[in-house]
Amino acid sequence: MTEAFPHATGVRSDRAPAISADHVRVGYRSDPVWTDATFSVRPGEFVAVIGPNGAGKTTMFRLLLGIQRPWSGSLRVFGAAPRRGNPRIGYVPQRHTIDADSHVAAEALVRLGASGARWGVGLSPARDRAAAARALEAVGATPLAGKPLSTLSGGELQRIFLAEALVGDPEMLLLDEPLSNLDIRRARELVEVVHELVLARGVTTLLVAHDINPLIECLDKVIYIANGRVASGPPSEVLTSPALSALYGAPVEVLHDSRGNLVIVGGEDPHGGENG
Amino acid sequence: MTSDQIPFQWNLVTDLRTMWEFPFMRNAFEAGTMIAIVAGIIGYFVVLRRSSFAAHALGHAGFSGAAAAVLYAVNPVYGLLLFTTGGGALMGLLGRRAATRDVEIGTVLAFMLGLGLLFLSFYNGYASEAYSILFGEILGISVSGVVFTIEAGAVVLVALALVYRPLLFASLDEDVAEAKGLPILALGLIFMLLLGVAITIAVQIVGVLLIFALMVTPAAVAVRLTRRPWTGMLVSVAIALFATWVGLFVQFYAQYPASFFIVSIAFAIYVAVRGGQSLLRSFAPRANSTPPADPSAATNSG
């Protein structure tokens, strides 16, 4: 299923796509994760990536970051093949190696987003400090700058990670499950911060989520990954019973509750683990 | 030791001057100072990367190397260096997950100690060599040993300065560092090699069994007390230097092994900081975990 539903959300459609995937196959060893994925993302779009566990949501990010290569098909990021260390992409992984009782200040981590890839002895930290301060301000985390990471709440930590990804002024953000472990209020607050970045800076943003509901009002597009394939389009087109049933090849129901929240029944693997 | 008759004057200046009249004490202080600086800095990364058990295990690998060197009448430092850097390279190549896998490390560690014991049983000489490798014997360090220590320490410090920020980034946030294009595996390998060299020189003071006290404890305290990597390393070095200097000083006048005092001072600082911090925490509960008490409710109930 491809880009069948152009829509108007202030996104300019005359520019080259930020991401274009054409019949991409990929997997680990001999196990395919994507058997045939075709989709595209335009610059400045806010995209939710959802789907059952193990469908290949994190795989998508690994492909875009150039950490993993497709088996076949073509994948382009800003018109070029993905490469590791692309400064145009900011990334927030699902897990961080950071020690839970690390007393390193939030600002020190954010600053590494600017300086961490530079070798040798650094003599002018002033520019990195300024870049870190700008990134912290952009996510509303200036008051957290001096606090140790160990004292931050889950929502505060996600803001710091977002600032770390933002510090080089990337044109694309890849956020892997930033909302998991946040209660609904904190999740909505974080989505608001991300949405403001998308609107103010035109950053193309892909956000992997388990639950679409905190996001649904801000989204330009949904990429739904299941069954080795990908469906993409505006939420109203993709998140329907017929569209998802076609993707899975089995009946899937999309239900709406009284507040407009979506529930997808039949698609999720109830015994699935946490790996996306 | 020659210092049997040296009386303690209760005057720090005279006591230090007396002590430094002995060349072996000057050697010990020179080597000890370099070792404390290296151990304090690399220890900060050991704690950040949670690979303190790997550091411990490398010391044990070094023991079997040193024992083999003794057996073949080679300077034990070369055996140490070969086995710690070899073991470090192996662990580095297996990746960071291997460096935090304690069952595998523990298994190899026990085997290495046993191997060292076997080498020593072949050796017919006096076992003091083994004793000094296990527990450290800094007063016995030769001038060439001091030179080796300072050269090896300088290599570690220069190399760490060159990889400082990428190593810090990879230690704090590996996945992001990898996405930024940093060579994670190579950084891990470099780190483990440098750790092997650092352990080789540190073994001269505290021995393989007490390597934790210099390599991990000062940094563990520093990580708790500081928020900036730079200040963390400075505090870590300061603690390691303090423990080493006091340990050497006390050994000279009191004839107890320096290793014991170094370990005890590091331990005392660690206990004091941990205790002090939990005491502070019990007086000032975290704002976001406990709701503020309602003062009116308290007065009403009284």
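Reader: Which helix of chain A gives the largest share of the lining of the largest cavity?

Author: First, this is a predicted model, where local features need pLDDT of at least 70, side-chain atom pairs count only at pLDDT 80 or more, and totals for chains, interfaces and linings use all residues. Residues are numbered from 1 along each chain as its sequence is written, chains are lettered from A and ligands numbered from 1 in the order in which they are written, and side-chain values use heavy atoms, leaving out hydrogens and water. A cavity is a set of points on a 1 Å grid over the protein atoms alone where a 1.4 Å probe fits but cannot get out, and lining residues have an atom within 4 Å of a point. Three lining residues, the largest share, come from helix 4 of chain A.

Reader: Where does the largest cavity lie relative to the domains of chain A?

Author: Leu162(A) and Leu190(A) are among the residues lining the largest cavity. Domain bounds come from an automatic or database domain assignment. Both domains give residues to the lining, so the cavity lies between domain 1 (1-88 + 171-269) and domain 2 (99-169).

Reader: How many charged residues does the lining of the largest cavity have?

Author: Asp, Glu, Lys and Arg count as charged. The lining has nine nonpolar residues and one polar, and the number of charged ones is no residues at all.

Reader: How many residues of chain B are in contact with chain A?

Author: Contact means heavy atoms within 4.5 Å. Chain A brings 38 residues to this, and on chain B the number is 32.

Reader: Which side chains meet in a salt bridge, Glu107(A) and what?

Author: A salt bridge is a side-chain nitrogen of Lys or Arg within 4 Å of a carboxyl oxygen of Asp or Glu. The rule finds one across the interface of chain A and chain B. At 2.5 Å, N to O, the partner of Glu107(A) is Arg228(B).

Reader: How many salt bridges does the structure hold over all chains?

Author: Lys221(A) and Glu45(A) form one at 3.2 Å, N to O. Over all chains, the count is nine.

Notes. 1 Å grid on protein atoms, 1.4 Å probe; cavity = no way out; pocket = protein on both sides within 12 Å on 5 of 7 lines; lining within 4 Å. Helix = DSSP H or I, 4+ residues; strand = E, 2+ residues; numbered from the N terminus.
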